[in-house]
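Q: I would like to learn how to read ring pairs and a chain interface. Where do we start?

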Amino acid sequence: MAITRMKALLRSLPRPRQNEVPDSGVLRADFADPDELLAAVRFIRSKGLKVYDTYTPFPVHGMDEALEEPASRLPWVTGIMGLLGCTGAAALQYWTSVVDYPVVIGGKPLNSVPAFLPLLFELTVLIGGLGTVATFLLLSRMRPRMRTRNLHKGANDDRFILVAELGRGTTFETLSLELRGMGALETERLIQDARIKPCRCHWERELPLPKALGIALVPPVLILGAGIALNRDFRHRVPEWDAGMLAPTAAQAYDPSPVLAHGQVIQAPLEGTVARGAERPLTFAPGEAEALRAGLELRSPLPADEANLARGKVVWNRTCATCHGDGAKGDGGVIPRFPNPPNLLVQKYCDYPEGRIFHVATFGGPQKIMKGLEDLIPAPDRWRAVMYLKTLQAEAVKARAAAPAPAAATVPAPAAAPSSPAPAPAPSPAALPGAKP
Amino acid sequence: MHEAHPAPLIEGNKTYKQVTEEVFRPTESRPPKAWFFAIAVTLSMLSLGGWAIFNTLTRGIGTWGLNKTVGWAFDITNFVFWVGIGHAGTLISAILFLFRQHWRTSINRAAEAMTIFAVMCAGLFPIIHMGRPWVGHWALPLPNTRGPLWVNFRSPLLWDVFAISTYFTVSAVFWYIGLIPDLATQRDRAPEGSTKKRILSIASLGWNGSNKRWSRYETVYGLLAGLATPLVVSVHTIVSWDFATSVIPGWHATLFPPYFVAGAVFSGFAMVLSLMIVARKVMDFEEYITKAHLEAMAKVLLLTGMIVSFAYATEFFIAWYSGNQYERYVFLNRATGPFKWAFWTMVSCNVITPHFLWSKKVRTTPWILFILSIFVNIGMWFERFVIIVTSLHRDFLPSSWAMYKPTWIEVATLMGSFGLFLTLFLIFCRVLPMIAASEVKGVLKHGDH
């Protein structure tokens, strides 16, 4: 009774198209061995009957030929998708590195093809692989689903199942017996089994490959398009950043400087700038008061040893002796023309402390006839010359003390006094030498 | 290629039903006590690593022992170590498939799972070694409002981003595609109406064993294997270029790509051996992962170990032959300097250990193989450490020379990565079939079809 009800129900379903399902129904046969299944399939095919499909726990080799399945065109998909990935990667790298955000890195050209190759390869593989899998799933109508269609018991375990048509000239019973002889464990006749829906058989109405490929490409294109179209900010350039990167403000070697007058690039150093490596400036100023202070405060930084005095002699003879004379008596080579300095061996000058003499050597004489030698003779050499002068003066003092001439005690003192202020105005060359002792 | 196997691939003369029952038993029964102890240990390691990473992220890279001279140490060592381990899985899955080596069917599922977990562990390190991982997405060429700023496509560090992402994605997809028939089997065995059946129904994508699907499936599998093979070589080549494209003596060598790829296969197979020897014993899979399988893997280990030894010798020879004083010093320093303990560990583990595998007795004795594989793992970790740290710590300018000492946080992070890897692997063993049942059934009777 249940069968009658079921038959009525099934007859009320929409009828399949004429050439797809034979009137006699469908046969299912279960085998325990893949070779037996293959032989059975070949047998049925040899009878001119159609084998709709086989269901096995693993792919049986030779079945594709037995079922005359055309070779899959999926490798083409891999190739196309891979090419897409490759060109996509090339476009991405080229556009970002050459057009949109060019930055010279390591002196390499902007279109650094060798550097771009790794990504070309990786994206070929990625898009090729994912595209192939997506197309495969689409083609095979595989998707997450709660009810598996056309699932035969044991197909994923240990049974090898075929589903074939029962055509004219064969009855179910005959074929069934023949198959049992070939090793079939079970045969079943399916008329319009709920598990097989002929007009929507997945093997009858497959998705053609170009359509499947197109569907597989829709999501990436949509995402890309949406990304570009919706993300307006991405097309809005940030000018401050751009100006900084595209037009750097670093100056070239011969560009005029916009900062200094006349576009000059170099300025003179400021007043009071001390050259690197130069000696520290003297903490005394020119002038009489400062000269006196130097006499009180300044001491020679060098010891008065043989080497320094020898050097001092060299400096004296080279520079100072021209005017002052080798013996500091004021009888140098240019005398009597100019400038006629006083005899530095008189007691007045012997009493001058070395600091005061150094002040004169640095800034010039009190009458401003002698020029300061600060910029011509380095300070250590100046000190050595001063120390040498001091030794000359010491000798003179000793000589005077050892040979006290009757007029010698008083003559130098008054003679020294007028000789200092006397040369202040322009000295007359005739008068002075005579006045000097 | 017609391959005749003298011994059956799977021992015990099994029927298809037996294969189904035995392979899926671990996924359908409660794990034994030992599993709970094991996962307790690995979860502890993982949480230790989690604490260490939390510290690194919140307190900064200063919690590591890096300095200006040694800017990369444990972080990149661990990264390269895990990526290398991942490569064995793809080699077993893809390359051995292309070479029609049917013995791969017992181990390829577990090996691919190992690859995915290893690449997950590897990917962790470049992320946490960034000063600001929360802007890590700046490493991707996404349209942005920062100029727009684009990434530097000429940098190997960026190639790494793409290579590792591609490798992870393709490996995961390949693994999943391989899983579908077994998920279908699991689904069919699950009790009606259970959550397990619901989840598996969704995951198995309606697989019913139809030949039309199988034929396309085989095509896809072959295509993915063909894509994955050059991918494996390219990924570790790109990783080696992180070093080779620099100017540091000891790094700037054209030998690096093949050296690293061979080293990756070497360390990966050692890890597969370590895992499989334990798993086959514990899960009663000795008839599936037979001594013949272990022997085959041992032979690969021997071959790649010799390649790695040859690479070491080449490095030393070229350093001397080049006459470059800096290159010569780097290698002198490796062997005699402050890190010589690491160097000699590496050499003894990687150069000497494989030669025990010349003996068939050793190759077919699992416990010896296990010990040797552990040594190789240790040696390969030290190889990456030696390459990175000794080349950095003394390069051109002696005034820049510095020493490196890892902090506890770095050591804990390493342990945490092992914890992550082993936890995931333990879970995998009990949730998914560790052996590719459909593939094994396919080679049960006809090893050469």
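A: With one residue: B:Trp381 counts as buried because its relative accessibility is 9%, buried being under 20% relative accessible area with a 1.4 Å probe, protein chains only. This is a predicted model, in which local features need pLDDT of at least 70, side-chain atom pairs count only at pLDDT 80 or more, and totals for chains, interfaces and linings use all residues. Residues are numbered from 1 along each chain as its sequence is written, chains are lettered from A and ligands numbered from 1 in the order written, and side-chain values use heavy atoms, without hydrogens and water.

Q: What kind of aromatic pair do B:Trp381 and B:Phe382 form?

A: Rings of Phe, Tyr and Trp (its six-membered ring) pair if their centres lie within 6.5 Å; planes under 30 degrees apart are stacked, over 60 edge-to-face, the rest tilted. Here the pair is edge-to-face, at 5.4 Å centre to centre and 85 degrees between the planes. B:Phe382 is also buried, at 15%.

Q: How is the size of an interface given?

A: Often as the accessible area lost when the parts come together. The area is found with a 1.4 Å probe and summed over both parts. Chain B and chain A bury about 6,200 Å² between them, 66% of it on carbon and sulfur atoms. B:Arg154, B:Lys212 and B:Arg216 supply 13% of the area that chain B buries against chain A, more than any other three residues.

Q: How many salt bridges cross the interface of chain B and chain A?

A: A salt bridge needs a side-chain nitrogen of Lys or Arg within 4 Å of a carboxyl oxygen of Asp or Glu. The rule finds two across this interface. B:Lys17 forms a salt bridge with A:Asp157, with the closest N and O atoms 2.6 Å apart.

Note on methods:
Buried means under 20% relative accessible area, exposed over 50%, partly exposed in between (1.4 Å probe, protein chains only). Buried area is the accessible area (1.4 Å probe) that two parts lose on being put together, summed over both.
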